[in-house]
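The exercises below ask you to read aromatic rings, charges and accessibility from a protein model. Work through each task before you turn to its solution.

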Amino acid sequence: MNLTPIVSPQEWKAALDEMLMKEKALTRARDALAAERRRMPRMAVEKDYEFEGPDGPATLLDLFEGRRQLIVYRFFYEPGVIGWPESGCRGCSFGADQVAHLAHLNSRDTTLAYVSRAPQTDIERWKARMGWDIPWYTLTDDFDKDFGVDEWHGHNAFIRDDEDRVFRTYFINKRGDEVMGTAWSYLDMTALGRQDAWEDSPESYPQGPTYVWWNLHDEYDNPTLHEAALSAAAASQRGRRSQLP
């Protein structure tokens, strides 16, 4: 194997600085793309889709679990998939292993759910083996065909309004799925985004101070450290300290 040349620390640092400039440009381009996603038109979901969940029949609205946004990933685990019924699609499974703790996504009023054509008994067994706790439903109708995931995996993003009308807002599939898994990548594909103040979002979209919503995954019922630091009590203490001799 012909490796790259050996250079001095100064030359290596110069090469790194050049690459970092390109990486920063990529980051800004990704942010700009996410900003455009937040301005995508919505598509009303007119059909009443039905799923089977661990607790019985469920509608698409049920998959939101009461939150504002929903991301549905089509996982190929069903008759006809290599490895069935002992295992699901290796690529889908590889992706599922990348999924961050759902509490972070849920804290942004967003739910992630998986759908497959496997029966719930098989899904529960497969989840237990792999250690996944992602909400997972059985497809019973043409949802996968209607949303472009009947032959290939993909993520569909939805939002519901105050009248519980559901709208499709974005779709990512094929190699686009490679980057999915972090709370940030999921939020960047949604209509509301990360909901941070630095984002370029349409007027009236929910936004708050950057980092303030970040918390330990088992402490989202408590204020974050950043929220505590911004509280009136903390501000008062900072004021008293600033007046000390």
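**Exercise 1.** Find which residues the ring pairs link into a cluster.

*Solution.* Begin with the rule for a pair: rings of Phe, Tyr and Trp (its six-membered ring) pair if their centres lie within 6.5 Å, and planes under 30 degrees apart count as stacked, over 60 as edge-to-face and the rest as tilted. Such pairs link Tyr73, Phe75, Tyr77, Trp84, Tyr114, Trp126, Trp132 and Trp136 into a cluster. The model is predicted, so that local features need pLDDT of at least 70 and side-chain atom pairs count only at pLDDT 80 or more, while totals for chains, interfaces and linings use all residues. Residues are numbered from 1 along each chain as its sequence is written, and side-chain values use heavy atoms, with hydrogens and water left out.

**Exercise 2.** Classify the ring pair of Phe51 and Phe143, and then the ring pair of Phe75 and Tyr114.

*Solution.* The structure holds 19 aromatic pairs. In the pair of Phe51 and Phe143 the ring centres are 5.2 Å apart and the planes stand at 70°, so this pair is edge-to-face. Phe51 lies in strand 2 (residues 50-53) and Phe143 in helix 6 (residues 143-146), so the pair ties together parts that are 92 residues apart in sequence; here helices (H or I, at least four residues) and strands (E, at least two) are DSSP runs, numbered from the N terminus. Both Phe51 and Phe143 are buried, where buried means under 20% relative accessible area, exposed over 50%, and partly exposed in between (1.4 Å probe, protein chains only).

For Phe75 and Tyr114, the centres are 5.7 Å apart and the planes are at 40°, so the pair is tilted. Phe75 is in the loop between strand 4 (69-74) and helix 3 (90-96), whereas Tyr114 is in strand 5 (residues 110-116), and the two are 39 residues apart. Phe75 and Tyr114 are both buried.

**Exercise 3.** Determine over which rings the charged ends of Arg74 and Arg168 sit.

*Solution.* The test requires NZ of Lys or CZ of Arg to be within 6 Å of the ring centre and within 35 degrees of the ring normal. The charged end of Arg74 sits over the ring of Phe76, 3.9 Å from its centre, and that of Arg168 sits over the ring of Phe171, 5.1 Å from its centre.

**Exercise 4.** Decide whether Glu199 is buried or exposed.

*Solution.* Glu199 is placed in the loop between helix 7 and helix 8. Its relative accessible area is 6%, so Glu199 is buried.
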